[in-house]
Amino acid sequence: PDSGYMVREGKPVGFFYLDHRTVDGVHALIVDTHVTPGNVHDSQPYLGRLDRVRERFLLPTGAVGLDAGYFTPYVCKGLIERGLYAVMGYRRPNHRQGYFYKRDYRYDPAADTYQCPGGQTLPYRGTNRNGYREYVSDPKHCGSCPLRAQCTQSRHHQKLLTRHVWERYKEQIDAHRLTDLGKRLYAPRKETVERSFADAKELHGHRYARFRGLAKVRAQCLLSAACQNMKKMALLLARKARGAAKRLCLRLLGLIESPLQPA
């Protein structure tokens with residue numbers, strides 16, 4: 001009964017739990033795992049879990065890499081206010097064939113207006129209860145516009161555009177994706193967090209909830225994360241020990257210099 005009915009593009013439909021993980025970008029250790037019902041959006045618990053990780057482990061976090069599901073005004077604003085450099089994946093927007101994209105309507109921040117491909121200015125009308133500013137066209141102009149068929153199907157011949165009150169934060173974060181630094185930061189995600197989930201599913205029974213209830217599923221996820229971290233730590237320590245042993249052997253053979261303290 002604690003699970004949630006999940007309906008997402010490219011995902012199975014049904015009752016699920018979601019495991020939200022935070023993984024460090026250096027060693028791919030799992031630093032947080034948080035379970036929610038399947039109908040909770042990924043972005044909802046993110047900032048709270050990020051704050052917990054930074055406070056709990058005192059991690060000197062400078063940047064975060066997230067998939068496109070976290071690209072919301074709330075998360076973007078929260079990351080910028082925390083002084084973090086964020087990079088998020090790109091998700092192609094839903095688009096009706098034969099119609100203009102929203103990017104074809106140019107926004108003028110100084111005048112707070114949009115300009116349509118036909119040259120008409122769409123002024124600000126008001127803000128709705130969901131926090132979106134609305135910009136509307138003049139039906140008299142749209143009625144005789146030759147581009148109307150590519151713009152709107154409104155029977156009132158009026159185009160409506162919306163812009164979130166925190167849209168500028170999204171634009172700032174989205175710009176990082178196209179920079180060289182952003183590309184370098186985002187690329188390791190497939191080797192860290194994506195690999196972490198893949199190993200959990202293939203090696204630790206993470207495809208199915210083994211118990212009933214949110215608390216017991218959370219315990220399952222914590223145990224899986226602990227097992228994965230112990231394996232990762234053992235591999236890292238073994239690799240470090242091999243490197244130290246190799247250097248010692250080379251020193252004994254006289255192939256590299258050994259630093260000596262002055263008498």
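1. Helices here are DSSP runs of H or I with at least four residues, numbered from the N terminus, and by that reading Ser 196 lies in helix α6, which spans residues 193-203. The model is a predicted one, and the values below should be read with that in mind. Ser 196 has a relative accessibility of 5% and therefore counts as buried, the limit being under 20%. When its neighbours within four places in sequence are set aside, the residues in contact with Ser 196 are Arg 21, Val 23, Ile 30 and Gln 228.

2. Arg 21, one of the contacts of Ser 196, also takes part in a salt bridge, its side chain meeting that of Asp 19 with an N to O distance of 3.2 Å.

3. The side chains of Asp 32 and Arg 49 form a salt bridge with 2.7 Å from N to O. Asp 32 and Arg 49 are both buried.

4. Which residue does Asp 112 pair with in a salt bridge? The partner is Arg 133, and the closest N and O atoms are 2.3 Å apart. Here too distant parts of the chain are linked, with Asp 112 in the loop between β6 (106-108) and β7 (113-115) and Arg 133 in strand β10 (residues 132-136), 21 residues apart. The two ends fall into separate burial classes: Asp 112, at 16% relative accessibility, counts as buried, whereas Arg 133, at 22%, counts as partly exposed. Elsewhere, salt bridges with shared partners join Asp 32, Arg 49 and Arg 52 into one network.

5. On the α1 side the contact is made by Tyr 46, Leu 47 and Leu 50, which meet Tyr 74, Val 75, Gly 78 and Leu 79 of α2. Sorted by class, this contact has 6 nonpolar residues, 1 polar residue and no charged ones.

6. Within α2, the buried residues are Pro 73, Val 75, Cys 76, Lys 77, Gly 78 and Leu 79. The elements that cover them include α1, β4 (63-66), β5 (85-88), β11 and α4 (167-176). After α2 comes Gly 83, which has a positive phi, near 75°.

7. Strand β11, one of the elements covering α2, belongs to an open sheet of 3 strands in the order β9-β10-β11, with antiparallel pairing. The edges are held by β9 (124-127) and β11 (160-164), each of which has a single partner strand, so one side of each is left without a neighbour in the sheet. From one strand to the next the twist averages 25°. The antiparallel strands β9 and β10 are joined by 3 bridges, and Tyr 124 has Tyr 135 of β10 as its bridge partner. Strand β10 is also where Arg 133, the partner of Asp 112 in the linking pair, is found.

Methods: Residues are numbered from 1 along each chain as its sequence is written. This is a predicted model: local features need pLDDT of at least 70, side-chain atom pairs count only at pLDDT 80 or more; totals for chains, interfaces and linings use all residues. Side-chain values use heavy atoms; hydrogens and water are left out. Contact means heavy atoms within 4.5 Å. Helices (H or I, at least four residues) and strands (E, at least two) are DSSP runs, numbered from the N terminus. Ala, Val, Leu, Ile, Met, Phe, Trp, Tyr, Cys and Pro count as nonpolar, Asp, Glu, Lys and Arg as charged, and the others, Gly among them, as polar. A salt bridge is a side-chain nitrogen of Lys or Arg within 4 Å of a carboxyl oxygen of Asp or Glu. Buried means under 20% relative accessible area, exposed over 50%, partly exposed in between (1.4 Å probe, protein chains only). Two strands pair if DSSP finds at least two bridges between them. Axes are lines fitted to C-alpha atoms, for helices over the stretch in contact, and angles run from 0 to 180 degrees between N-to-C directions.
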